[in-house]
Amino acid sequence: MGGVRSPRTGLSSLRLVTRGTWFPSQGDKNTQMADHSFSDGVPSDSVEAAKNASNTEKLTDQVMQNPRVLAALQERLDSVPHTPSSYIETLPKAVKRRINALKQLQVRCAHIEAKFYEEVHDLERKYAALYQPLFDKRREFITGDVEPTDAESEWHSENEEEEKLAGDMKNKVVITEKEAATAEEPNPKGIPEFWFTIFRNVDMLSELVQEYDEPILKHLQDIKVKFSDPGQPMSFVLEFHFEPNDYFTNSVLTKTYKMKSEPDKADPFSFEGPEIVDCDGCTIDWKKGKNVTVKTIKKKQKHKGRGTVRTITKQVPNESFFNFFNPLKASGDGESLDEDSEFTLASDFEIGHFFRERIVPRAVLYFTGEAIEDDDNFEEGEEGEEEELEGDEEGEDEDDAEINPKV
């Protein structure tokens, strides 16, 4: 019960307290009175037991008739935490039996929910095929392999009218200078450093990127999400496509996230939908001297016998985004991970989910920063709503205009 006591337990404690603890003087008086009430010839142990029973009964009656004691008892019972589990324990066996039946139904609901999410995964796979042509064209525009048409490049911003008026005024004054500047304006191929800019804009990713990772990420041309085939265990793969570079020979680096969509047998009520349970990386074929995931250190060693000293070189792990492709494995042999490993694995799962759900589908908005602003506003809106609700509860008698002046 975790220290929570039911009212019945509280009463038992009170009885123990009344045995000579609260009113010792009154108990002594009752004991003296009881000594004269027994006749000779009764065994001493029986007399003693009878005296104790009589004293306890009389003392309990006196205590329970005392208004202050009753008030203290009520206050004590009121202060006992009433949790759902403590309430359930007080129910009759017949009711508990029916509750167990409800739990059986809830487990069946969890298994139906798992099937629902399996079908959702099939639906994701179907629509991923519809999105892909658009994502392929996005890659062509980013890399500069294809130039968008005027119609494809047309976009109406929210401040379009203001920008148009300002542009017209400027054209009237400096039209000649503008033409000259336009002629001299550089025209790089595609959108340079598109994905690298996203890495810099998103805190979750920028924290992983080291300075020596940046030149490599500038060669990243595309990130794709591929879902598992029908009938295969639920999973998704992140594909990082790189142009030829001086760092590794791979054209694609992959990260596979394995998922589970079924209730845990030991804790079926914890099921809330598919979850990532493990992940696999890939081998990066680094070119000689270009592996940023390790660093070479020099270490001096002293010979125990001769006392001579030698210097050796040793490779040790180095912090890098590209450790993302050599992930920690979830324990599958029943052994539990330590706290740091669990945190690392959970962070890895979160990053993979973020790539799949947010970065890849809305890449241009993370490039411009608009998606980041939307995320920040959404979080602030949630907090603001909570504060507003608290204000309504505290000031129910106030006018609506005073509670929420913006309405």
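Not counting residues up to four places away in sequence, D348 touches K255, Y257, C279, F324 and P327, where contact means heavy atoms within 4.5 Å. D348 sits in helix α12 and is buried, at a relative accessible area of 11%. Buried here means under 20% relative accessible area, exposed means over 50%, and partly exposed covers what is in between (1.4 Å probe, protein chains only).

Before going further, please keep in mind that this is a predicted model, in which local features need pLDDT of at least 70 and side-chain atom pairs count only at pLDDT 80 or more, while totals for chains, interfaces and linings use all residues. Residues are numbered from 1 along each chain as its sequence is written, and side-chain values use heavy atoms, with hydrogens and water left out.

## The chain as a whole

The secondary structure comprises 15 helices and six strands. These are DSSP runs, numbered from the N terminus: helices are H or I with at least four residues, strands are E with at least two. Of the 407 residues in the chain, 25% are buried. Among contacts with a separation of 6 or more, 61% are between residues 24 or more positions apart.

The accessible surface of the chain is about 29,400 Å², and carbon and sulfur atoms hold 51% of that surface. Accessible areas come from the Shrake-Rupley method with a 1.4 Å probe, and for residues only the protein chains shown count as cover.

## Strands and their pairing

Strand β3 runs antiparallel to β2 (residues 235-242), joined by seven bridges; two strands count as paired if DSSP finds at least two bridges between them. L238 has K255 as its bridge partner in β3. Five bridges link β3 to strand β4 (residues 275-280), also antiparallel, and here M259 stands opposite I276 in β4. Further along, β5 and β6 pair in the antiparallel sense over nine bridges, with R310 in β6 as the partner of Q301. These two strands form a hairpin with six residues between them, and G307 in the turn has a positive phi of about 80°.

## Two loop residues and an enclosed helix

F321 lies in the loop between β6 (309-317) and α12, yet is buried at 1% relative accessible area. Leaving aside neighbours within four places in sequence, F321 is in contact with F199, L208, V209, D213, L217 and F240. F199 belongs to helix α9, where F194, W195, F196, T197 and I198 are buried along with it. Six of the eight residues of α9 (residues 194-201) are buried, so this helix is largely enclosed by the rest of the structure.

K287, in the loop between β4 and β5 (294-302), is partly exposed at 33% relative accessibility. K287 and Y247 are 40 residues apart along the chain, but 5.5 Å separates their C-alpha atoms. Not counting residues up to four places away in sequence, K287 touches N245, D246, Y247, F248 and T249.

Rolling a probe the size of a water molecule over the atoms shows where empty space is left. On a 1 Å grid over the protein atoms alone, where a 1.4 Å probe fits, a pocket is an open set of points with protein on both sides within 12 Å along at least five of seven lines, and lining residues have an atom within 4 Å of a point. Grid points are joined across faces, edges and corners, and a volume is the space filled by probe spheres set on the points.

The largest pocket holds about 940 Å³ of space. Its lining has 28 residues, with F141, E152, W155, I191 and V364 nearest the centre. Elements giving two or more residues to this lining are α6 (93-143), α7 (150-153), α13 (363-368) and α14 (370-394). By class, the lining has 14 nonpolar, five polar and nine charged residues, taking Ala, Val, Leu, Ile, Met, Phe, Trp, Tyr, Cys and Pro as nonpolar, Asp, Glu, Lys and Arg as charged, and the others, Gly among them, as polar.

The second largest pocket has a volume of about 570 Å³. Its lining has 19 residues, and L208, T344, S347, D348 and I351 are the closest to its centre. Helix α12 (residues 339-359) gives the most to this lining, with seven residues.
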